[in-house]
Amino acid sequence: MRSTTLHTVAAATAAVFVLASCSSEGGSGGSEASGELSGEGTGDSCSIEGEVPLGAVLSLTGAAASYGESQQRGLELAAKELAEKGGITYDLTIEDDQTDPKQGITLFDQFVNDGASLIIGPTLSNAAVQSDPIAQEAGVPVLGISNTAAGITDIGDYIFRNSLTEQAVIPQTIAKATEEFGLEKVVVMYSNDDAFTESGFEAFEAALEDEGVEIADTLTFSKADTDFRALLTEAQGLEPDALVVSGLIEAAIPLVTQARELGIDVPIIGGNGFNNPRLMADAGEAAEGVVVGAAWNSASDNPENQAFLEAYQAEYDAAPDQFAAQAYTGLMLIDEAIRSECAADRESLKTALGELEDVPTVLGEFSIDENRDAVHPAVVQVVQDGKFAVLE
Amino acid sequence: MLAEYATTLTFIALGAIFAYSFYAVLIAGQLSLGQAGFASLAAFSAAALAPSAADIGDVPALLTAIVIGMGVGAAASIVLGLPTMHLRGVFLAIATLGFAEAVRVVLLNSEWTGGAQGLGVPRVLTVGMAWTALAVVAYWFWRMGGSRYGRALEAIREDELAARAMGIDVGRHRLAAFITSGAVAGLYGVLFAYYVRLIAPSDFDFAAAVDGLVTAVLGGSTMFAGPILGSGFQTMIPELQRAAGIEAGWIRPFLAGLLLLVVILFLPGGLTSLIPRPVRMPAAEDDAGTGLAGRRHPAAGDTVVALAGLGKEYGGVHAVRGVDLEVRAGEVVGLIGPNGAGKTTLVNMISGLVPPSQGTATVLGTTVGRTPVHRIAAAGVSRTFQHSKLFDRLSALDNVLVGAHLVSRPTFLRRLLWLPSARRDERAAHQQAARCLRRVGLGDVAATRASALSYGDQRRLEIARALASDPSLLILDEPAAGMNHVEATRLSELITSLAADGLTILFIEHNVGMVLRTCTRVVVLNFGEVIASGSPEQIAADPLVIEAYLGAADEDAAADPGAGSIAEGTAVDPTAVGPDAASPDAVLNVRPGAAGTLEPPDTTSRDAT
């Protein structure tokens with residue numbers, strides 16, 4: 001028995017070394033291939049001989065798994081469409097950071113060492129602050145597809161994102177809602193143990209102040225909470241004109257349902273976290289009238305968006321959320337940038353990404369500004385008849 | 001080559017340091033989950049308070065942060081440790097978990113920590129620095145292993161009561177282990193912060209605590225290399241899965257969990273159980289002259305134990321009442337009486353385990369009552385237990401070394417500095433332990449784990465352990481239980497030879513023949529009261545004793561001829577018991593009422609060998 005165990009362990013140890021040596025060979029091969037990463041032609045006619053290595057660091061398991069999975073679907077759908085388009089072959093490696101900073105950092109390090117031309121991700125803004133500097137120091141461009149916190153692109157000139165910050169989306173939402181509903185006094189609720197919803201709250205707070213709307217009270221909850229009745233009753237007592245909520249979709253569904261059950265019929269205004277078809281699917285009737293400020297207008301009738309909605313539905317038999325749309329757009333933008341110079345090495349890609357302008361995408365006309373942040377129209381949506389419609 | 005694996009290697013080192021903070025308490029048998037709380041307090045305080053690396057340079061900044069972090073971690077562990085040190089097992093785990101959660105919530109809601117979005121910290125730590133820190137921590141625990149302090153912690157883990165009885169101040173040792181854990185967790189927090197660039201309270205949540213615990217247990221919590229192996233294993237699993245091309249997603253955590261299960265099933269002692277641990281038994285010729293601090297024993301005839309009106313009640317039941325007894329140096333006192341007569345309660349009071357309800361007891365100049373057990377042990381009382389309380393996972397030699405706790409000097413700090421005096425002291429303790437082992441005839445099983453010894457050997461090992469503290473008073477609670485009569489005879493010779501060295505011995509025994517042969521005085525207890533006290537001859541002839549005890553025992557012996565130790569005892573020593581007492585008729589004269597209350601003495605264990 002004991003000796004069997006010993007053998008097993010010995011075999012496992014041997015396997016470690018064999019596998020480790022394999023992976024390191026693969027890595028050096030990738031970086032040497034950079035010579036083949038430019039080709040003939042421009043735009044759609046561009047053809048590059050070598051495979052373009054792209055890495056994506058997503059949170060496929062752990063606390064942020066639900067966003068990571070959407071992003072994975074978006075990326076895979078885009079990769080499939082790009083493969084059909086031809087000319088450039090992408091070697092897209094999607095890796096899981098397990099919502100763990102240690103894994104995120106290790107993966108960035110590996111992609112840098114393995115010669116990736118660009119790294120997509122990571123899913124969470126906190127992880128971006130931890131990992132992006134590794135790529136910046138190594139001169140590898142990064143495209144964030146869901147980082148919304150302020151300051152991410154300040155990490156360095158290799159760091160880009162196609163996700164609008166809360167500061168870009170939320171003021172617009174509040175301005176529109178104030179105009180529409182004549183808001184004077186609101187109650188703000190947010191989950192204070194999540195970086196995404198906390199920075200969303202800060203943006204809401206600033207926007208409400210700018211609009212001169214009084215915040216009657218600020219109530220906090222935990223992202224793990226499912227019962228909001230006590231908080232909602234407290235909010236109801238203050239007789240606000242609206243509830244402003246910065247929460248993830250997991251909190252949004254019970255919160256909206258319980259608010260309507262308690263007879264709160266004032267508008268509920270949510271941030272990016274609410275921009276998910278699950279809101280209507282799971283909250284049903286209760287979701288009617290919920291206002292959602294978002295980076296992606298799911299109801300947009302631009303041809304890219306219509307094609308995306310259709311393809312996504314066909315591929316996964318489900319409606320996409322904002323994370324999927326942004327991920328899909330991300331890979332499409334990378335393709336656009338590569339084709340503009342017909343070169344996929346790190347430096348060319350960095351330059352080309354910075355020069356993206358007025359690209360028609362799922363998110364609308366898309367540009368990268370001088371701070372390497374995304375510029376495209378944000379949208380204020382309202383749930384009507386079980387669908388997002390533009391609030392007008 | 002190294003640069004390519006720098007990140008992984010750094011995380012192995014960080015994971016191992018965090019696992020050491022669990023190892024530090026697991027080795028003393030404490031299950032704490034508060035380390036994540038210590039680590040986050042340390043990380044945030046250090047990041048907020050330490051001067052910037054840009055001002056004073058990377059290494060000074062990191063060192064300042066480490067000092068702050070370890071200080072905060074240690075201070076937090078004292079704050080948490082003082083009120084929780086009396087908690088054991090899962091209760092301690094829950095209390096410490098509550099603390100960690102409270103810390104997380106406070107940090108989450110504080111302005112200075114940046115809340116959920118966290119606090120940015122410059123990256124200063126390099127792989128070299130991480131491994132240097134790990135080396136220091138590992139060195140600390142390595143040197144602790146063979147020291148008196150390290151053995152005391154292991155003894156507490158294995159059997160806290162026995163550790164107390166060997167003179168170990170359990171409270172102080174447990175707190176010391178807890179503070180070490182806090183300081184090491186603080187170190188981890190700071191190093192982590194200065195590597196990952198951004199710390200958020202969620203980096204130190206329940207999952208992080210469980211991760212650290214799993215790493216420590218997986219590696220093995222009884223050997224200093226455990227946390228490093230555990231962390232290497234845990235950190236390499238995702239790497240291997242990636243290298244093996246397993247698709248990212250739920251399958252990976254599933255496989256990792258499965259692998260963990262397999263390792264724990266087949267290696268319950270952790271990965272370090274694959275590493276053999278040689279036990280070096282000092283050679284016999286080393287025996288002459290030890291450097292141990294010997295005790296001053298009371299002169300022959302001085303009072304060792306003085307009991308006056310001693311009683312113990314358990315909810316109205318008088319286990320012991322009104323016992324007046326004096327034991328003088330050099331005496332061998334046998335305490336006999338039927339089961340339930342209060343013998344064990346009486347010796348538990350004498351050795352300080354149980355406070356008396358009435359009366360006073362003075363043992364070797366110490367008043368028993370509120371005095372903690374280890375103080376009474378320090379006064380020179382050493383004992384064995386009715387049911388063996390050995391340190392099961394320690395070798396026989398280590399068991400006896402713990403017994404020598406009181407007469408050896410603390411060696412840990414000197415071992416850290418490799419001072420030759422520490423080596424001398426350790427050698428002296430080893431020689432003392434080896435001598436005690438040989439004296440009870442266990443010289444050749446020194447390396448065997450206590451739990452692997454035969455029952456009889458375990459009883460003898462307990463005596464060896466008790467002898468190692470060079471006691472003035474040795475209390476043996478049924479030492480011959482479970483021995484066959486050859487072993488019992490040898491034990492009786494051992495007791496006689498110890499008595500010849502001037503050791504005062506008090507022992508409880510059901511083997512009356514052995515008691516009569518060995519003791520200078522016999523005290524008989526029944527229903528918690530002394531019913532007779534005197535020389536073996538007087539006791540053997542006392543009609544009260546015969547009625548209350550011998551008769552019943554003899555009846556039992558007659559019913560089961562194979563276990564007739566009383567008969568043997570009387571046969572070997574015909575002067576001890578008069579013909580009347582030995583006659584079978586006496587048995588039939590026992591009052592039925594008395595016989596009904598007497599249980600047969602330990603027949604089961606007597607057959608077991």
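Predicted model: local features only at pLDDT ≥ 70, side-chain atom pairs only at ≥ 80, totals over all residues.

Colleague: Fine. How many helices and strands does chain A have?

Modeller: Chain A contains 12 helices and 15 strands, and its C-alpha atoms fill a box of roughly 65 × 65 × 40 Å when taken along the principal axes.

Colleague: And why would you say the radius of gyration of chain A agrees with a compact globule?

Modeller: Because a compact globule with 392 residues would have a radius of gyration near 21 Å, and chain A has 23 Å, the two agree.

Colleague: What percentage of chain A counts as buried?

Modeller: Of the 392 residues of chain A, 55% count as buried. As for the contacts in chain A between residues at least 6 apart in sequence, 69% of them join residues at least 24 apart.

Colleague: Which domains is chain A divided into?

Modeller: Domain 1 of chain A takes in 43-164 + 304-375, while domain 2 of chain A covers 167-294. Taken over C-alpha atoms, the centres of domain 1 and domain 2 of chain A are separated by 30 Å.

Colleague: How many residues of each domain are in contact?

Modeller: On the side of domain 1 of chain A there are 10 residues, in contact with 11 residues of domain 2 of chain A. The side of domain 1 that touches domain 2 divides into five nonpolar residues, four polar and one charged.

Colleague: Changing topic, how many residues does each chain bring to the contact between chains A and B?

Modeller: Chain B brings 31 residues and chain A brings 32 residues. Helix 1 (6-26), helix 11 (226-243) and helix 12 (251-266) of chain B each supply at least two residues of the side of chain B that touches chain A, and the largest share of that side, five residues, comes from helix 11 of chain B.

Colleague: Last one, in what order do the strands of the open sheet in chain B run?

Modeller: Four strands form that open sheet of chain B in the order 4-3-6-7, with antiparallel pairing. The edge strands, each pairing on one side only, are strand 4 (317-328) and strand 7 (366-367) of chain B.

Colleague: How many bridges join strands 3 and 4 of chain B?

Modeller: Strand 3 (residues 303-314) of chain B pairs with strand 4 of chain B over eight bridges, in the antiparallel sense, and Tyr314(B) stands opposite Val317(B) in strand 4 of chain B.

Note on methods
Residues numbered from 1 in each chain as written. Chains lettered and ligands numbered in written order. Contact = placed C-beta atoms within 7 Å. Domains from an automatic or database assignment. Nonpolar A, V, L, I, M, F, W, Y, C, P; charged D, E, K, R; others polar. Pairing = 2+ DSSP bridges. Rg over C-alpha atoms; globule rule 2.2 N^0.38 Å. Buried ≥ 20, exposed ≤ 12 C-beta atoms within 10 Å, placed from the backbone.
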